[in-house]
Amino acid sequence: MMDTFLNTVKGALRVGQTAAVLSKTGVNWLRGDRPPTPRLLRQTFEELGATYIKLGQFIASSPTFFPQDYVEEFQLCLDQTKSLPFSVMKKILTEELGRPLNQVYQEIDPEPLASASIAQVHAAKLITGEDVVIKIQKPGVSNVLLTDLNFLYVSSRIIEYLAPKLSWTSLSGIVQEIQRTMMEECDFLKESNNLKEFKEFLQKSGNTDAVVPKVYDHATTRKVLTMERFYGVSLTDLDTIRRYCKDPERTLITAMNTWFASLTQCNFFHADVHAGNLMVLEDGRIGFIDFGIVGRIAAGTWEAVSDFISSVMVGDFEGMASAMVRIGVTDKNIDIQKLADDIRSLYQRMDTMVPDYAVLEDPNKNEDEINNILMDMVKVGEQHGIHFPREFALLMKQFLYFDRYVHILAPELDMFVDDRLNMLH
């Protein structure tokens, strides 16, 4: 009863804090010298903290839902935050595990390896000797997320009621989707299950060239995830990769084939294969890490996506256009030939892109380039009245990541025609 009361009080205080920040933003917006609305909104989100930073990242990765200028602006909404003192994280860790930490770990590095809005990651060693990393959820995050998202949902319903013309955008539906994905990300038991399921997929497919971290269940809860520590380098660190394996191109093909196979042989696909989440380990294997964000494609949608990929592989732009219509949602009669012509123009732009080795020094530049291409692809569809599900945008984004890796590690490889790549298992 007391916990419920305290959570209610905290929720009320959080709503008050949110209202105060939004009021200040409203005052700034009314000023004549205000910044562009997308920038003002992004700055407001960063001031509001964890929920809104994650919301900003959702906007940045969802060109199917939001206008291009907002998508571009929110690409600047970074998830790296100041780390909390280890004394704070240690208290959470102890409470979650329910026993003294020296019964579980030999040692824990108080300096975090990484700190984001939802969690902090620390290196450690189990009492049995294994090197691990511990992902610890920051205090109060789930309650803040829930309060903020409920506030956003109620607000969106009010907006839809007051402005019926906006209801076609399904603001409340978008908020519900955001709530589902964010709350899943806060449940480390779900991420743990994703890791185990992907490991099972690798075993069933006889894939010994790719690996995911082992989860240590006795030290894992909804707010704590203890898993095997991988030693290796990012998939874009070509010089070091050459020390770990003789053929970087083959290593990349292994990573791509593993991911392609998961589209049909696993219940989900890894939906965030940026360079930091794909590692080349010291023994040459590919390590897939961070399964907090995954995508799921319905069977009917996947059939259309498969046809889209098949059409890409043979350069059939009419086939691509037909598949895009089936993938998306539309209430219009689509001119397939005109859509095909627009796709052809975009495809030619992608096909003539040259590798830019500067992206190795500036990962954000790589991210921007990928998002810009993705937005162009979605824009082509939307110009013809097609609205794509977010899962399709996530799927296409991973393809574009792999396209960048090809330019860096195997510039002679054509990912759509090379017979070593099994895109359609």
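Predicted model: local features only at pLDDT ≥ 70, side-chain atom pairs only at ≥ 80, totals over all residues.
Across the whole structure, a search returns twelve aromatic pairs.

One of these is formed by Phe 198 and Phe 288, with a centre-to-centre distance of 5.5 Å and an angle of 45° between the planes, a tilted arrangement. Phe 198 belongs to helix α8 and Phe 288 to strand β10 (residues 286-288); the two are 90 residues apart, and the pair thus links distant parts of the chain. Both phenylalanines are buried. For Trp 259 and Phe 269, the ring centres are 5.9 Å apart and the planes stand at 80°, so this pair is edge-to-face. Because Trp 259 is in helix α10 (residues 248-265) and Phe 269 in strand β8 (residues 269-270), the contact ties together parts that are ten residues apart in sequence.

Helix α8, which supplies Phe 198, covers residues 188-204. Its 17 residues reach 24 Å from the first C-alpha to the last, close to the 24 Å expected at 1.5 Å a residue. At the N-terminal end, α8 is capped by Asp 187, a side-chain oxygen of which lies 3.0 Å from the backbone nitrogen of Leu 189. Just after the helix, Gly 206 adopts a positive phi of about 65°.

The buried residues of α8 include Phe 188, Glu 191, Ser 192, Asn 194 and Leu 195, as well as Phe 198, Phe 201 and Leu 202. In an α-helix, residues three or four places apart point the same way, because there are 3.6 residues a turn.

Key. Residues numbered from 1 in each chain as written. Heavy atoms only, no water. Helix = DSSP H or I, 4+ residues; strand = E, 2+ residues; numbered from the N terminus. Expected span 1.5 Å × (residues − 1). Buried < 20%, exposed > 50% of the residue type's maximum accessible area, 1.4 Å probe, protein only. Polar contact = N/O pair within 3.5 Å; in protein donor to acceptor, adjacent residues only side chain to side chain. Phe/Tyr/Trp six-rings, centres within 6.5 Å; stacked < 30°, edge-to-face > 60°.
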